[in-house]
Structure formats: structure tokens, C-alpha cells
Amino acid sequence: MSLDGAALAKGCGGTLATADQLCGRDLDRFRRTLETGSPVTVACTLQAPLFEEIAEEAGAAERVVFANIREMAGWSADGAAAGPKMAALLAAAAEPRPEAALVTMESAGVALVYGRDETAIDAARRLADHLDITVLLSRPGPVAPPLRADFPVLQGTITTAKGHLGAFELRIDDYALPAPSSRSALVFGPARTGATSTCDLVIDLTGGVPLFPAHETRSGYLRADPRDPKAVEALLFEASHLVGTFDKARFIDFRAELCAHSRSRITGCTRCLDVCPTGAISPNGDHVAIDPYVCAGCGSCAALCPTGAASYALPPADALLRRLRTLMGAYQVAGGFDGIVLFHDGDHGEPLIHALSRDGEGLPANILPVRVNEVTQLGPEVFASLFAYGAVGARLLLRARPKHDLASLQATVDLTNTLLGALGYDPAGAGLVATVETDDPDALGEALRAAPRGTPAPIPARFMPAGDKRGVLRTSVRELQVAAPSPVSAVPLAAGAPFGGLAFRTEACTLCLACVGACPTSALSDSADRPLLAFEESLCVQCGLCAATCPENVITLQPRIDFAAWAEPRRIVKEEEPFDCIACGKGFGTRSTIERVIEKLRGNHWMFAGAAGEARVRSLMMCEDCRVEAALNQGFDPHAAPERARTRTSEDYLRERAARDGQSV
């Protein structure tokens, strides 16, 4: 492949060294470079194991990263023009990537083989030397009894299942034990429902409906069609190795205090619950709970979470954006133009790109591939930053039959294209962000060559993303507007968007401030000094909790991005004069509310009539502290009713009659 040394040096900076056989006769150059103590980027992934071994021996493993500029750039019909692209890939590879946290699962090898016939028993027999096996047969036909009871064979049907590798919990109906005297076929005794079982592994050979949603992602749940011998063989091999301690990435960082799921038993946001394919997310009071052992890392929840309560950790949003910043900056400095980023994963996207480079025309020179853990993890902050940094398009490579539901990803794509069209990046409305759903490398190449190119930012942004997810999102959207070819002050959005304002019928607002207590992001706030309601639009996530909580129904959601409102400080929606306590002078409540209450009660309710009633009226004019003091010192009960007239009884009547007749009672 061609190497444009000038473009590489210009885009990457630092020291550039080339070699014909860096993994062979020039290997000592790599060793000498390690001795300098500087970070090293190796533009070869084929021999990465060799370089990693040498770096480990030198104690420099943490300083070495790799970039594939061959399949991703050089092996292409446009290879001679791929110098800026190579520089961008090398520069981005050197961007630090924080390590993800891990959760640990432990399996002692206690396995349940779940089937219908002898296939399950044969599988159990082959696994018995590796695992502690129990066989459970669901509605079995005639099954020959084993000659030796090397493992239990039971009858039962799993009705509910939960858990993960090392911690499965099963509920079993039609549970029964076999009779030891079974002769030609197993004979099971009386059955019962509601049996429970725990195990480390579940090996499902029933061929029926999977026990779990997105079952292929559930650690420790292995399933194969019993009619497919190859699938069964692969399952048995995998199962035999699932004993010991296993680490799993914690894909999602979750901050419960930011969650807008619920307040005071009123549901506000269910975005993550609606899109989770594995059932890892469940309601948990005012917020949700995410089970890291079940989470498969699709990232849909983090992409849609409006508050940043759920954020992707592999890598965090700010780390991914710094990588894109470096990628686009190096590409432009090295002379590249019309850059389109291709997001892809490692399991499907990378092999497809390799096949295109080896057997086809390769990637076009302006297509910049970026590998992510899951394409569905990408949120609007990624695309907003990307176009602010100077990209003219983005494509998301997915399977022809995607693993996960793409509704959340499509919502993000639609939101981004709305913003790009309104801000002049996409004047033709071509759709600069789109998915490419294919398993065919040639179809991928055709789609990328036909990808439309938008209008780039006249002066690309160079902002450094930092902070939590919501902060990064607000910054990236602001920067997208600042760098826009045709900036506007506001963009209306569809219902359900994570940005917007609130319309208030202020004349009906009583400043009860229930909305302030319900708001999870502090977009709504009050003051300790005066009765007022304030609103900061850049913090509003359109969860609707304020509108649902307001007793006067004075709040309406307005999905939009109002850049002018984002630039303004917190605005006061309504403010009233406080009512001063007649005893101590401290302000409390609002004057209009207190006077309205007194007007309605004085003379219209027995509690506020007469001398005692006037004392109660005065208590309404006091703050909470003085009201308690008045009740104690003046000895009146503010809630006491006047003494009611005694009801006359038949005994009263007889006593009065006897008195008139001169008789004793």
C-alpha cells in the first residue's frame, strides 16, 4: 500500500518512523523505541501479539497502542489518496481510553440440562465429567431409563426463570421424580407445581421458546436446537468450560439521583424500560435499577436517557468524543476533506470491512471507520459533536438482521437529522446520518460511495468535551449551533425529544411549588427568600413530571431547542409578595394566597366565626413557628369545634314527665 509520509507527519505530529518488516528484521527498532519511555502507536495489527509480548517484557505494555491502517485505509482503490485518513486513524488510536469497571460471576458448574427426550440425557452424560448435572424433561414422551443413575433425571416444566451465570433461579411446574423400578420407559410419580431450583448454568435443548428475552446475551444460558448436531456440539464445548470465576464489563454507569422515572408515584420517564432488550432494567421506586450481570451492553438506555442518569462506560461519552475530536482534527490538518465517519462494531463490522478491503475496492478515502462496542450505544451528543468538528456525514454499520431493536437508534438518527437540516448542514434534506444494514461487503462499499455529503462547518469546533453525559450533550449541541453553516435561534422538535421548554399559565399558578419537588434535573427551582418559581430551559429533559404533578394543570411541555433560552440565565416564571407573619414579621407563603384563604373562611365556616374564630383567623396569619407558640401560650385548640347541643333521649323525656307529675324518678 502507498504511504504518504508528509500527510502522516502533518496529521500525527511527533516522530514518524517507517519500516519494511517491523515485525521481522526491523524488530530491534521497535525495542529501541520502547526504551525512550514515550507512548508508541504501531500501525500494524496483524503482528500485535508479537509486539504486545515484547512490550510486556520491557514493562511498557501500557504505552503501546495499535492502529489498522491497512484494511481500514491502504488496501483500497483510493489507497493513494488515503494519507490524511491514515494520519487520522493513527492520531485517534493514541487517544487514551479509560478501562471499564468489571463485575464478577462465579460458577461452580452446577448445571441443569433442560430437554424433552434422550438428546438431553445424552448431552448430560457427555458433560457429567465436567459439571454437576441434573436433567429436567418437559412433558417427555417415552424415555428409556438410564442403566446407571450418574445424575438425576426429573420431570418438570420451567415457568419462570431469572438470574445469570452462577445465580439462576427457576420455578418449575409439573415437577416429579422417576420411579426406580422404571423398566422400558421412565415412569414419573405424582407431580406438583411451584417447585424452585437454583443452578449456575441452564442448558436448554427443548427447541421451544427461549426462557429469556435476548437469550443469546444471557451469561450462563446456553440454547441449541436439538435437531442441529453441530449446534449441540458447540453448546457442549462451551458449557464444559463455564466453571470458575468470570469477569464481565459493567457497560452502564447509573446515577439514581438523576433518574426521572418517577416522583410521588407519578411516572415520568420510561425510555430505558421501553428499549432494554434483556430485561436488565426494572422500576425501583423513584428511579430504575440496572442489573449489570444481565445487561448485554447494547447501550440503548444510555443513548436515550435524557438526564444522563444512565451513561455508557465502554467508553464514557466524553472519552469517545475526544477520540472523534482528534480523528477529525488530524484528518483536516493532513489535508483531508468531506470526511464521513463509519461507526461499526468488532463482531460484525470489522470482518465486513476486512472482506471489502481484501476482495473488493476497500473503503473510500473519505470514509473514517470508528469502532465502538455497540453501534446502538451512540447518542445525540456523538453526532452533534461529530458535525461540529467538521464531518459531512455519518453511517452506522449494522447486521442485515440486527441483534437489537433499532427503535431507540432511529429516534436518535431522526433527532440528529432534524437538527442538521435546521442548522444548514443538510440543505438538501438527504439524511446525513443513516444506517447501513447489510452482511454483504460489496453492498457496504456501494452504500458508502453513494453516501450524501453535507455542508461542513465553516470553522470546525475544537471544544474539549468533559463532564457528565448530560453536560457533554448540552455542550455538543451548543457547539453544533455555533459552528453551523446557517445557525438559527430555535429548532422545534417532535414530542418525546429530550430537549424543550415549558409553557406556564401563570395567572392560575398558586406557587405551591409541587413542580419544583418533582423536577429531577433542577430545571425548576424556587427561592429561600421570596415566593417565586424559576426555570432554566437548558436543564429541562421533557420528562413531564412537573406537568403531571401540578394540581392546577398550568404547565405544558414544548419540545424544542431554543438556543437563545439556553444562553440566558435562569428566568423567573412567577414571583409574588410574601405574607409577613403578624407575630414575628417573617415572610411565609404568598400574600394573595393567604388573603384569599382568609376571605373564604372568615364568616363562612363555624371554625372562623365569633371570638374563637377570630383567634383562628389570626393563627392563619402566622408562620408555622408562631402558630404553634400561640396555640400553646393562649391555650386554644385551632381545630377544636364548639360544644355541640346534647341529643335528647327517651330517658330525658321520662325524667321531665315524672318531675311534672311530682313523682320520684
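**Figure 1. Ala-111 is a buried residue, with a relative accessible area of 2%.** Buried means under 20% relative accessible area, exposed means over 50%, and partly exposed lies in between (1.4 Å probe, protein chains only). Ala-111 sits in strand E4, residues 110-115. Helices (H or I, at least four residues) and strands (E, at least two) are DSSP runs, numbered from the N terminus. His-241 is 130 residues from Ala-111 along the chain, and the two C-alpha atoms are separated by 12 Å. This is a predicted model, in which local features need pLDDT of at least 70 and side-chain atom pairs count only at pLDDT 80 or more, while totals for chains, interfaces and linings use all residues. Residues are numbered from 1 along each chain as its sequence is written, and side-chain values use heavy atoms, with hydrogens and water left out.

**Figure 2. Cysteines without a disulfide.** A disulfide here is a pair of cysteine sulfur atoms within 2.5 Å. The search of the whole structure finds zero disulfides. Cys-305 is in none; its nearest cysteine sulfur belongs to Cys-269, 6.6 Å away. Cys-305 is buried, at a relative accessible area of 13%. Cys-546 is also in no disulfide, with the sulfur of Cys-543 as the nearest cysteine sulfur, 6.2 Å away. Cys-546 counts as buried too, at 8% relative accessibility.

**Figure 3. Helix H12 is largely enclosed by the rest of the structure.** H12 covers residues 380-388, and nine of its nine residues are buried. Among them are Pro-380, Glu-381, Val-382 and Phe-383. Ala-384, Ser-385, Leu-386, Phe-387 and Ala-388 are buried as well. Gly-390 follows H12 and has a positive phi, near 120 degrees.

Figure 4. Most residues other than glycine have a negative phi, and most peptide bonds are trans. The peptide bond from Leu-314 to Pro-315 is cis, with omega near 0 degrees. Arg-139 is not a glycine, yet its phi is positive, near 45 degrees. Arg-139 is exposed, at 56% relative accessibility. Arg-265 also has a positive phi, about 65 degrees, without being a glycine. Arg-265 is exposed, at 84% relative accessibility.

**Figure 5. Arg-560 and Glu-537 meet in a salt bridge.** A salt bridge is a side-chain nitrogen of Lys or Arg within 4 Å of a carboxyl oxygen of Asp or Glu. By this rule the count comes to 23. Between Arg-560 and Glu-537, the N to O distance is 2.8 Å. The pair links distant parts of the chain, 23 residues apart. Arg-560 belongs to strand E26 (residues 555-562), while Glu-537 is in the loop between strand E25 (532-535) and helix H17 (545-549). Arg-560 is partly exposed, at 22% relative accessibility. Glu-537 is buried, with a relative accessible area of 4%.

**Figure 6. Further salt bridges, including that of Glu-576 with Lys-574.** The Glu-576 and Lys-574 side chains meet at 3.4 Å, N to O. Glu-576 is buried, at a relative accessible area of 15%. Lys-574 is buried as well, at 14%. Lys-162 pairs with Glu-169, and their closest N and O atoms are 3.7 Å apart. Glu-169 counts as partly exposed, at 42% relative accessibility. Arg-70, Glu-71 and Arg-358 are linked in a network of salt bridges.

**Figure 7. A negative surface patch holds Asp-359, Asp-439, Asp-440, Asp-442 and Glu-446.** Patches are made of residues with over 30% relative accessible area and no salt bridge; like charges are joined within 9 Å, and nonpolar side chains (Val, Leu, Ile, Met, Phe, Trp, Tyr) within 5 Å. Asp and Glu count as negative. The place of a charge is taken as CG of Asp or CD of Glu. Accessible areas come from the Shrake-Rupley method with a 1.4 Å probe. Asp-442 is partly exposed, with a relative accessible area of 45%.
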